[in-house]
Structure formats: C-alpha cells, structure tokens
Amino acid sequence: MLSQLEELERQNLADSLMTNDSLAINLCDYFDNHGTPNERMRAHYMLARTYTDRGEAPQALEEFMKSIESADTTAADCDFSKLSRVCGQMAQLLFENNLPRNAISVFKDAYHYSSKAGEGAVAVEYYAQQARCYYDLNLPDSSFLIENNAIRMFQEYGDTLSANTEKGPVSYFLAKKGNFSQAKAYIDSYEFHSHLNKQTIEQNENWKLLYYYKGVYYLGIAECDSALYYHYKTLYTSKSPNNLALACKGLYETYAMLHKNDSVAKYALLYASNIKKETNTSSTAALLSIQHLYNYHSYKSAAESKAIEVMRSKQRNVILLLFLLIALTVSAYVFYRLRKYIRLVKQRIRAKYASDIHEYSVVKDALREAKGKNAFHEHLAIRAQSNLEDFKKDIENTQNKYSEEDCWGLSDVLQNSSIVRHLRDKAAKGEKPTDQELVEFRNKVSLFLPETLTTLFMKKKGISTKEKYICLFVFARFSPKEICILMGTKSANLSNTRKRLNGKLFGSNGSAKEFDEKILSFPQISHL
C-alpha cells in the first residue's frame with residue numbers, strides 16, 4: 001500500500017491529472033487503520049488532490065481538513081514540509097472559491113509549518129499569498145504592506161526572481177497612489193526579471209494581470225492609447241471572470257477620462273456582469289457549510305481536550321491527596337514511635353537517677369559508719385568520700401543534661417554529647433577549638449574515664465597538656481585526621497607523639513596504631 005501511495009505522490013509532483021478516486025479512497029481506509037500520522041496525512045492529501053482535479057471542491061476541502069487533522073504536530077518525526085503544502089493548497093482552494101478570510105488563516109498555518117520545516121523561502125511564498133486575500137477583502141493597505149514585506153524577505157534569502165515577481169501587484173498600488181516612477185520600475189522588474197515569461201503568461205491567468213498593471217500605469221500618466229491597448233489585451237487574452245472584470249473596469253475608467261459615455265456605459269455593464277459571474281461560484285455555499293462543520297469539529301476537539309485536561313487535573317489532585325494521606329500516616333507513626341522511644345529513654349534516665357540517689361545514700365551511710373571507726377579504716381573513709389563526690393557529680397550532670405540526653409541511647413552518651421559533636425563539626429570544617437571548648441571537652445570525657453586511665457594520663461607526671469588532650473581525643477574515638485586539625489599539628493608529629501606515649505604510659509615501644517588500640521581497649525563508663 002505504501003508503494004501505491006508513493007506512486008500517487010509521484011503523479012501529483014508530475015502535475016498529472018488525477019481523476020480516479022478509488023485508489024486514493026482505499027489508501028485512506030487502509031492507512032486510517034494501520035498507518036502512522038504522517039502516512040494518514042499523505043493519503044488524505046492525495047485524495048484531496050484527486051477531488052481538486054475532478055472539480056469537486058467541497059469534497060477536496062473536507063479531505064484537506066482530514067489530512068491536516070491526521071498530522072501529529074507534537075511528534076518529533078512530523079512531516080512539517082508536507083503539512084505546509086497541504087495547508088497551502090487548501091488555502092488556495094478557499095481563495096479560488098471566494099473564501100479569502102478563511103484562506104488567510106490557512107495560509108498563516110502554511111507559513112508556520114514551512115518555517116518549522118526550515119523552508120524559509122517556501123514560507124515567504126505562503127506569506128505573500130495572503131496579500132491577494134486581503135485585497136479581495138477590500139483591505140488594500142494590508143495587501144500592500146504584505147507584498148512589500150514579502151519582497152524584502154525574498155531579497156534577504158537572495159531570491160531576486162521571486163522578489164521581482166511580487167513587484168507586479170505592488171506596481172498597481174504604487175500607480176494608484178501616484179508614485180509612477182517607482183511603479184514603472186516595478187513593472188519592468190516584474191516583466192523582465194522575474195519568473196514571468198511568455199509561456200507562463202499563456203498558461204496562468206494570474207500572470208496575464210501584467211497587462212492590467214501596465215494599463216493602470218499608463219492611465220495614471222494619462223497615456224490613454226497605451227492604457228486602452230493593454231486593457232483590451234487583458235480582455236482578449238483572459239478567460240477568468242476576475243481578469244475580465246478588471247479589464248472592463250480599466251476600459252470604462254479610460255473611456256471616462258476620454259469622455260466617451262457610450263463606451264463607459266458598455267464596459268461598466270460588462271464589469272458588473274463579470275463580477276456577478278465571479279461571485280456566483282457553485283461550490284461556495286457547500287464550502288462554507290463544510291467550513292462551518294470544520295469549525296464545529298475544531299471547537300468540539302478543543303472542548304474534548306479541555307475535558308481531558310480537567311479529568312487529568314482531578315486525577316492529579318486525587319493522587320496528591322493520597323500522597324498527603326500516606327505522608328500524614330507515616331508521620332503519625334514516626335511521631336508515635338519517637339514519643340515511645342523518648343519515654344523509654346526518660347524511664348532509663350529516671351531509673352539511673354534513682355539508682356544514683358540510692359547509691360549516694362548507701363555511700364553516705366558507709367562514710368558515716370567509717371568515720372565512727374578507728375584510724376585503721378581511715379583510708380576506706382577517704383575512698384568513700386571520693387566515690388561520694390563522683391556520684392554527686394553524676395547526679396548533678398544528669399539533672400543539668402537531662403533535656404540534652406533524653407533523645408538517644410545511653411551507650412552512646414559520650415559520642416552524642418554536644419561538645420563531642422561540636423568538635424567533630426569543627427574538625428570537618430577545618431577549624432580549631434577555643435580553650436574554653438577544650439576545657440569543656442576534657443571535663444566531659446573525664447566523666448567516662450576508667451580509674452586506670454585517669455591514673456595513667458590525667459594524674460601521672462611527665463605528661464604534657466597537649467599529650468593529655470591527644471589521649472582524651474583517642475579515647476573519644478576521634479580519627480587522627482580530626483585530632484591533627486583540632487590540635488593544630490601535622491600527621492607525622494601526631495604519630496610520633498602517640499609512639500612516645502606508648503613508652504610513657506605503657507612502658508613499650510609500640511606503634512601509634514597500637515597505642516590507639518590500647519587506649520580504646522579500656523571501656524567507657526556509659527551508665528551514668
């Protein structure tokens with residue numbers, strides 16, 4: 001079927017007369033069910049061309065519209081070049097059947113699609129065709145403006161022949177405006193330097209308007225003999241009612257200038273007669289009917305598109321509502337679990353708090369009992385006093401830090417404390433801590449040090465303050481990179497310091513890594 005469609009297209013390009021519509025109808029039926037949008041457009045275009053050659057304008061217009069409707073202008077492979085030609089020939093059909101206003105709209109579509117196809121010169125041709133439509137609508141200024149713009153655009157594309165071809169109609173306007181010198185120049189360009197030649201004049205009625213333009217020019221400069229010659233030439237060489245009407249109009253205007261009233265009356269009547277013939281086109285009513293039907297379908301399609309858009313909007317709103325409900329449900333569940341977890345943490349902290357109060361009371365009683373005994377047990381009293389102070393500090397810290405620590409587990413108290421997280425953030429940003437922050441860090445970590453480590457590097461002599469902070473950072477699980485940033489030292493220096501601390505604290509010559517492992521082997525006191 002595709003090969004048959006291509007054969008029809010070759011006949012159309014060869015300008016062969018296409019009168020057999022059976023094949024084109026079969027192709028339309030096939031591609032409407034099995035073809036792509038481009039193939040459907042091409043099939044209906046060939047059927048429209050067939051009806052055009054058969055002189056069946058209403059059917060041709062209907063198929064042109066179906067061809068345009070078949071195209072998918074949103075697709076990447078849309079054949080805009082072919083679509084522009086469909087619109088151009090449909091607009092030409094409308095113009096030839098005295099529907100210039102509708103033709104303008106379709107010529108604009110043809111111009112738009114040609115531009116999208118990258119065929120600028122072809123697009124300008126469709127743009128120029130609008131001038132004739134505006135002239136038929138009795139809008140000569142608009143027609144004159146479009147013709148001048150078309151000439152300029154053709155010249156920008158370097159198409160001098162087409163630019164000069166558009167100068168013919170412009171010469172008519174110039175002569176009517178009294179600009180006879182430019183009108184003569186335009187007529188010469190139109191006659192001798194355009195697509196116009198003897199053969200085209202004989203084949204195309206529109207080219208024969210050259211004689212009418214020249215007649216108008218000579219009438220304007222009062223050379224009535226030359227004006228009569230060219231108007232009569234238009235009259236005797238033309239067949240279209242439009243050309244005949246213009247020739248009669250030119251003759252009665254010329255005879256009016258010569259004051260020959262009989263000839264004026266004669267050609268005025270002939271002008272009116274040809275105008276009537278031109279307007280009495282048999283297919284115009286049917287074309288208008290189809291145009292109204294096409295407009296109805298266009299409005300219906302627009303309404304259906306709006307309805308689909310509204311439906312999709314409702315679907316989007318429903319999906320959004322469901323998403324919000326799911327989000328609210330998940331949020332409520334997370335909030336519930338979080339509250340449950342916080343309650344559990346608070347219960348643990350309260351239990352630990354109560355335990356510390358109990359231990360405090362026990363130790364206090366033991367201290368009172370120890371003080372009442374002899375000096376032999378004095379060292380026990382001293383140790384109990386120390387433990388009592390520790391428990392007192394734990395209780396105070398629990399009371400002070402309750403709001404801070406009730407949102408995470410007790411086993412990670414040190415790691416999640418505000419000062420440790422703050423110093424990690426500073427290390428990540430490459431910033432050094434202040435002295436006050438280091439003191440706060442030391443006090444915090446000291447609460448979690450076992451007694452053995454406290455004795456080793458907090459109370460032992462010969463350990464510098466910097467070395468003590470390094471030990472505390474290692475115990476708090478800071479990485480060597482973070483320690484270097486926070487202590488303002490180089491990696492090599494930090495490694496050597498940790499090696500020296502191996503000897504000072506543990507009496508061995510191990511590596512820096514071994515030192516870290518020894519420090520980290522001591523358990524943190526995580527149950528305050």
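1. The model is predicted.

2. The residues of α11 that are buried are A183, Y186, I187, S189 and Y190. Because the arc they cover around the axis is only 165°, they lie on the same side of α11. S181 and F192, on the other side of α11, are exposed.

3. As to its geometry, α11 spans residues 180–192, which makes 13 residues. From the first C-alpha to the last, α11 reaches 18 Å, and this is close to the 18 Å expected at 1.5 Å a residue.

4. A separate point concerns N243, which is placed in helix α15 (residues 241–258). Is N243 buried or exposed? Its relative accessibility is 1%, and because buried means under 20%, N243 counts as buried. Leaving aside residues up to four places away in sequence, N243 touches E205, K208, L209, T234 and S238.

5. Turning to the nonpolar cores, the largest has 76 residues. Which of its residues touch the most other members? These are F64, L83, C87, M90, L94 and Y212. There is also a second, separate core of 33 residues, with L438, F441, V445 and L472 among them.

Methods
Residues are numbered from 1 along each chain as its sequence is written. This is a predicted model: local features need pLDDT of at least 70, side-chain atom pairs count only at pLDDT 80 or more; totals for chains, interfaces and linings use all residues. Side-chain values use heavy atoms; hydrogens and water are left out. A nonpolar core is a set of buried Ala, Val, Leu, Ile, Met, Phe, Trp, Tyr and Cys residues joined through side-chain atoms within 4.5 Å. Buried means under 20% relative accessible area, exposed over 50%, partly exposed in between (1.4 Å probe, protein chains only). Helices (H or I, at least four residues) and strands (E, at least two) are DSSP runs, numbered from the N terminus. Contact means heavy atoms within 4.5 Å. The expected span of a helix is 1.5 Å times one less than its number of residues. The arc is that of the directions from the helix axis to the C-beta atoms.
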